Amino acid sequence: SPDINVIDFITMDTLGNGTDFGNLTVARRNHGNHSASPTRAVFTGGQTPTQQNVIDFVEFATTGNAADFGDLTAATGSLSSCGSSTRGITAAGYTSGAVKTAQYITIASQGNATDFGDLTVARYGAAASSNSVKGLWGGGNTVPAYSNVMDILSISTLGNGVDFGNLSETRGNLGGASNGHGG
């Protein structure tokens, strides 16, 4: 897993290979799921091999290199993000161990992340997904095992995660997706 800074894009309604979009501001790895609005994508944290607090963004309408958005509240790798068309939430991750911290940004404006609350279990490498109203984090690494816990947060209001149930088995290093538009 070398540190890379390449951003590729695909056109969803056609078959084909990825095309170069541009580069991140810092080459890194382990910067999991990301958040986006209809016009902007935001990339948070990662490792180089030390954890990073960088937040980058790109505008979908123009290809090119990412620009600095701001900083996370703490340098974090292996984190998971989701959101709505206006707010991105990054939760869980790895600093000097697994964390349960959630932090948020307003996607339309640049700036540093702000504390949102905590998930119920500290972990990293969790799946994250949203429907623009609620964000869901499932599974992840809890060291020395994997988790099956699913937490849910209300995207529009600050607060701690609530236990949503369990995955069918413990899993780590996951990705998530949903059919919710704008999140």
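Which residue in strand 9 stands opposite Gly88? In this predicted model, that residue is Ile105.

One of its bridges joins Thr101 to Asp118 in strand 10.

Next, the packing. The largest nonpolar core contains 12 residues, among them Ile89, Ala102, Tyr104, Phe116, Leu119 and Trp137. Strands 8, 9 and 10 are the elements that each supply two or more residues to this core. A separate core has 9 residues, including Ile55, Leu72, Ile107 and Ala113. As a general remark, nonpolar side chains in soluble globular proteins tend to be buried together.

Ala92 is a member of the 12-residue core. Setting aside neighbours within four places in sequence, Ala92 contacts Thr76, Leu79, Val99, Lys100, Thr101, Leu119 and Arg123. Leu119 from that list is a core member too, and Thr101 is the residue bridged to Asp118.

Last, Thr106, which sits in strand 9. Is Thr106 buried, exposed or partly exposed? Its relative accessibility is 40%, so Thr106 counts as partly exposed, the class between under 20% and over 50%. Not counting residues up to four places away in sequence, Thr106 touches Phe69 and Thr86. For Ala74, the C-alpha to C-alpha distance from Thr106 is 17 Å, with the two 32 residues apart in sequence.

Key
Residues are numbered from 1 along each chain as its sequence is written. This is a predicted model: local features need pLDDT of at least 70, side-chain atom pairs count only at pLDDT 80 or more; totals for chains, interfaces and linings use all residues. Side-chain values use heavy atoms; hydrogens and water are left out. Two strands pair if DSSP finds at least two bridges between them. Helices (H or I, at least four residues) and strands (E, at least two) are DSSP runs, numbered from the N terminus. A nonpolar core is a set of buried Ala, Val, Leu, Ile, Met, Phe, Trp, Tyr and Cys residues joined through side-chain atoms within 4.5 Å. Buried means under 20% relative accessible area, exposed over 50%, partly exposed in between (1.4 Å probe, protein chains only). Contact means heavy atoms within 4.5 Å.
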